[in-house]
Amino acid sequence: YHTFSFGEYHDPRNMSFRALRVMNEDRVAPGGGFPTHGHRDMEIVTLVLSGALEHRDSLGNGEVLRPGELQRMSAGTGIRHSEFNPSPTEPVHLYQIWLMPERVGLAPSYEQRAFPAAEKHNRLRLVASPDAADGSLTIQQDARIYQTTLDAGTDVTHALGSRHAWLQVLRGRVTVNGESLTTGDGAAVSEELGVTVRAEEESEVLLFDMA
């Protein structure tokens with residue numbers, strides 16, 4: 001599923017939101033995946049919801065990404081990589097997210113990090129930022145990504161001021177400033193002082209805070 005135009009899917013009304021360029025929800029069959037291909041000048045964040053994803057790239061990295069972990073790859077001046085489902089029996093369900101970098105021509109780089117479930121439970125856990133705050137992944141853009149898992153009936157609030165937000169519901173059903181969203185839905189938030197996410201059932205959400 002593509003939130004914004006991607007590949008053969010083109011929607012001129014939905015090309016991007018602020019620095020957020022790609023929000024793809026993918027399901028990969030056992031043994032399937034994406035053969036080696038190249039990217040330039042893009043910040044790529046990958047999150048696995050279930051199953052496992054094997055990553056290899058031209059920097060020599062070879063890792064398996066599992067639920068609870070996030071991966072960040074700065075394509076910069078150019079990087080080639082592949083992703084495959086290493087399981088012969090279990091599908092993998094993942095999100096791949098692209099953000100435009102603060103400038104072109106950066107050196108390619110890669111990192112992967114696990115974030116304990118307790119740190120995301122009923123609170124917003126910073127998982128990516130431009131300054132690696134609180135042990136988050138480093139992205140080369142004025143953007144911060146938060147992740148939370150919410151029990152039914154709980155809520156979290158994030159102040160925005162003059163900034164903008166994108167909410168992506170990974171699973172569950174929530175209200176965002178009173179608007180109802182369910183699994184796979186996203187919402188752009190502008191001209192609001194803050195954003196409040198309330199879980200109508202057990203839910204998991206990504207929040208992007210952007211200039």
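Good morning. I begin with an open sheet of four strands, arranged in the order β13-β18-β15-β16 and paired in the antiparallel sense. Its edges are β13, spanning 155–159, and β16, spanning 179–182, each of which pairs on one side only. On average, neighbouring strands of this sheet are turned by 20° against each other, with direction ignored. Please bear in mind throughout that the model is a predicted one.

Within that sheet, let me turn to the contact between β15 and β16. Strand β15 covers residues 173–176 and is joined to β16 by four bridges, the two strands running antiparallel. One of the pairs can be named: Val176 has Glu179 of β16 as its bridge partner.

I move now to β6, residues 69–74. How many of the six residues of this strand are buried? Six of the six are, so β6 is largely enclosed by the rest of the structure. The side chains divide by direction: Glu69, Gln71 and Met73 point one way, while Leu70, Arg72 and Ser74 point the other way, and all are buried.

Strand β6 also has pairing partners to consider. Strand β3, residues 43–50, is joined to β6 by five bridges in an antiparallel arrangement; here Ile44 has Met73 as its bridge partner in β6. Strand β9, residues 109–114, is joined to β6 by six bridges, again running antiparallel. In that pairing, Arg72 stands opposite Glu111 of β9.

The next strand is β17, residues 186–189. Which of its residues lie on the covered face, and which on the uncovered one? Ala187 and Val189 form the covered face, whereas Gly186 and Ala188 form the uncovered one. Strand β17 pairs with β14, residues 164–171, over four bridges in the antiparallel sense, and Trp166 stands opposite Ala188 in β17.

This brings me to Phe17, which is found in the segment before β1, the strand at 20–28. Is Phe17 buried or exposed? Its relative accessibility is 14%, and buried means under 20%, so Phe17 counts as buried. Leaving aside residues up to four places away in sequence, Phe17 touches Phe4, His164, Ala165, Trp166, Ala188, Val189, Ser190 and Met210. As for Met210, it lies 193 residues from Phe17 along the chain, yet the C-alpha atoms of the two are separated by 9.4 Å.

Thank you for your attention.

Notes. Residues numbered from 1 in each chain as written. Predicted model: local features only at pLDDT ≥ 70, side-chain atom pairs only at ≥ 80, totals over all residues. Heavy atoms only, no water. Pairing = 2+ DSSP bridges. Axes fitted to C-alpha atoms, helices over the stretch in contact; angles between N-to-C directions. Buried < 20%, exposed > 50% of the residue type's maximum accessible area, 1.4 Å probe, protein only. Contact = heavy atoms within 4.5 Å.
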